[in-house]
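Here are my notes for your read-through. Keep the model open beside them and check each point as you go.

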Amino acid sequence: MRKKETGRIRIPETLGELYVGIIVTSALLQVTLVWFAEEKVSYSMGLWAGAVIAVIFAWHMWRTLDQALGLGEAGAQKVMRRQSLIRYGLVAGMLGLLMITRAASPLAAFLGIMTLKVAAYLQPVTHKVILKLRR
């Protein structure tokens, strides 16, 4: 896996492309769906909180996969299962907290988290676009 240097932090190329996909998808959701939201500030706060969680989850999944690849099959399955449960728990906790406090829209936060899925599906396209922009 090729890694690019960004200061002292090494970010794998694919992970950087996922970050771009998350941010672009979130921005598109912001400019399109905000007009349909009754509470625009709550929607925006929830969406971007979810997008931040999506970025953190992308990094966490990359790190977990990196660790699991160095283990045997049984150890890798155990690590992957445990780390997935941690991510699911964080999603449930964040959405629960938002529902209780009403600090932001839980639905918009869920949309923000799901931008990770969209970014993963669009990663090959994002890769091609980034390569063209570098030329």
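1. Start with helix H1, residues 13-33. H1 has 21 residues and spans 30 Å from its first C-alpha to its last, close to the 30 Å expected at 1.5 Å a residue. Bear in mind that this is a predicted model.

2. Next, look at burial along H1. The buried residues include Leu-15, Leu-18, Ile-22, Ser-26 and Leu-29. Glycines are buried there too, among them Gly-16 and Gly-21.

3. Now turn to the packing of H1 against helix H4, residues 106-134. Their axes come within 6 Å and cross at roughly 115°. The crossing is right-handed. By class, this contact has 11 nonpolar, eight polar and three charged residues. On the H1 side, the residues include Leu-18, Ile-22 and Ser-26. On the H4 side, they include Leu-111, Thr-115 and Leu-116.

4. Is Ser-26 buried or exposed? Ser-26 counts as buried because its relative accessible area is 0%, and the cut-off for buried is under 20%. Leaving aside neighbours within four places in sequence, Ser-26 is in contact with Leu-47, Trp-48, Ala-51 and Thr-115.

5. Then find the largest nonpolar core. This core has 18 residues, and Ile-22, Ala-58 and Leu-116 have the most contacts inside it. H1, helix H2 (40-68), helix H3 (73-101) and H4 each give two or more residues. The largest share, five residues, comes from H2.

6. Not counting residues up to four places away in sequence, Leu-116 touches Ile-22, Ala-54, Phe-57, Ala-58 and Met-61. Another core, of six residues, lies apart from the largest one; Val-34, Ala-37, Tyr-43 and Ala-108 are among its members.

Notes. Residues are numbered from 1 along each chain as its sequence is written. This is a predicted model: local features need pLDDT of at least 70, side-chain atom pairs count only at pLDDT 80 or more; totals for chains, interfaces and linings use all residues. Side-chain values use heavy atoms; hydrogens and water are left out. Helices (H or I, at least four residues) and strands (E, at least two) are DSSP runs, numbered from the N terminus. The expected span of a helix is 1.5 Å times one less than its number of residues. Buried means under 20% relative accessible area, exposed over 50%, partly exposed in between (1.4 Å probe, protein chains only). Axes are lines fitted to C-alpha atoms, for helices over the stretch in contact, and angles run from 0 to 180 degrees between N-to-C directions. A crossing is left-handed if the near helix is turned anticlockwise from the far one by less than a right angle, and right-handed if clockwise. Contact means heavy atoms within 4.5 Å. Ala, Val, Leu, Ile, Met, Phe, Trp, Tyr, Cys and Pro count as nonpolar, Asp, Glu, Lys and Arg as charged, and the others, Gly among them, as polar. A nonpolar core is a set of buried Ala, Val, Leu, Ile, Met, Phe, Trp, Tyr and Cys residues joined through side-chain atoms within 4.5 Å.
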